[in-house]
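Me: I am new to this structure, and I would like to learn how to read its charged side-chain pairs. Could you take me through them step by step?

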Amino acid sequence: MTTDTSAALPEPDLALSTNLAADGGEDATTGGTGLCLSGGGYRAMVFHVGVLWRLNEAGLLPQLDRVSSVSGGSVTAGVLAMNWNRLDFDSNGVGREFGTQVVDPVRRMASVDVDITAVLSGLGLPLVSISDRVVKAYRKNLFGKATLQDLPDQPRFVFNATNLESGVLMRFGKAYLGDYRVGRVFNPDLPLAVAVAASSAFPPFLSPCTVDLEHEDWVTDPGNDLTDKDFREQISLSDGGVYDNLGLQSTWNACQRILVSDAGGHMGADPSPPTDWLRHLLRVLSVIDNQVRSLRKQQVIKAFRAGTRSGVYVGIRSDQSDYPSAAKITAHPSVTKKLADVPTRLDALKPDLQEQLINWGYAISDTGLRAHVERDLPSGRLPYPNNPLT
């Protein structure tokens, strides 16, 4: 765990832990390791690559039982999931093809403008929605014809979106897609590009993403209260981070060890918040996002401190001095702050910036793992040593 207290956080809703456990009909915690990849646009997508890079070197990827993601984290998770069986794990659990199967495709995606192109195309073509353009970009540049049924059985990958109709999470995975109020569809053959686009439909510009589930065979579970066809046909979805920016909820009741990679944004103080409707809306959304993230972050850190969960939280805004590791990869706060302030966009990142984001994800993951998960793990080395964090 980490004692990161970089922001004053409110006390969490006492019902939050109960809701985390209740949502989704999972069994009680039986152990296992879950990895949570937060939202944050391309910034998060690339930062998470560095975190995964260090996990891979440490031989921890095969130990994962579940990978839960939202928004930009879902893009990285989708690439990892689609190419899982091509990673070529050695006897130490290190994926020898991690670079070609995860790093390279994510970096290619990070060089493609998506959000502005999608918005302009959606506005200019009345029969084509903005979310349709995002799906097309993901399909063209990453996922091709892959569906949820092409994903591995182990670990279980869960892509989280917010169901705007029911007001709770909708989860997309190989075993099922579902919403604890609406019901479940088992073994969905949904395109992976659609699931990732729904998870990353951040408002207001890329939301909503409408998913057609009219012809699916829905199963009604105990407790489902929104089971008529109006809630099971054309479903309006938004970014999973609207409900849970850490992707925590889908792992909480299934795993005892939780690894969290948080590359979410940060809302600064503003003595004169804008009053025009668009910028005012963006400010309000930032307040909501900040509150959701703060509550989830405090929930997991309090659980680490109480000993009810083990694991580690690492964030793009983490301070290395908060982790009791002996030696740390040098990362100057002035550099890491600039990386944390990269806008939350699906907007092309320059190669040098990509390398630094990957380096920072790797460095803070190295620090956190050796402090709280694998204390005997030797110190790592930056993936891109010619682009240091100094």
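Me: How many residues apart are Arg54 and Glu57 in helix H2?

Reply: Arg54 and Glu57 lie 3 residues apart in helix H2 (residues 41–57), so about one helical turn separates them; helices here are DSSP runs of H or I with at least four residues, numbered from the N terminus. This is a predicted model, in which local features need pLDDT of at least 70 and side-chain atom pairs count only at pLDDT 80 or more, while totals for chains, interfaces and linings use all residues. Residues are numbered from 1 along each chain as its sequence is written, and side-chain values use heavy atoms, with hydrogens and water left out.

Me: What joins the side chains of Arg54 and Glu57?

Reply: Side chains of opposite charge can pair when their charged atoms come close. A salt bridge is a side-chain nitrogen of Lys or Arg within 4 Å of a carboxyl oxygen of Asp or Glu, and Arg54 and Glu57 meet in one at 3.5 Å, N to O. The structure holds 12 salt bridges.

Me: Is Arg54 buried or exposed?

Reply: Buried means under 20% relative accessible area, exposed over 50%, and partly exposed in between, with a 1.4 Å probe and protein chains only. Arg54, at 3%, is buried, whereas Glu57, at 37%, is partly exposed.

Methods. Helix = DSSP H or I, 4+ residues; strand = E, 2+ residues; numbered from the N terminus.
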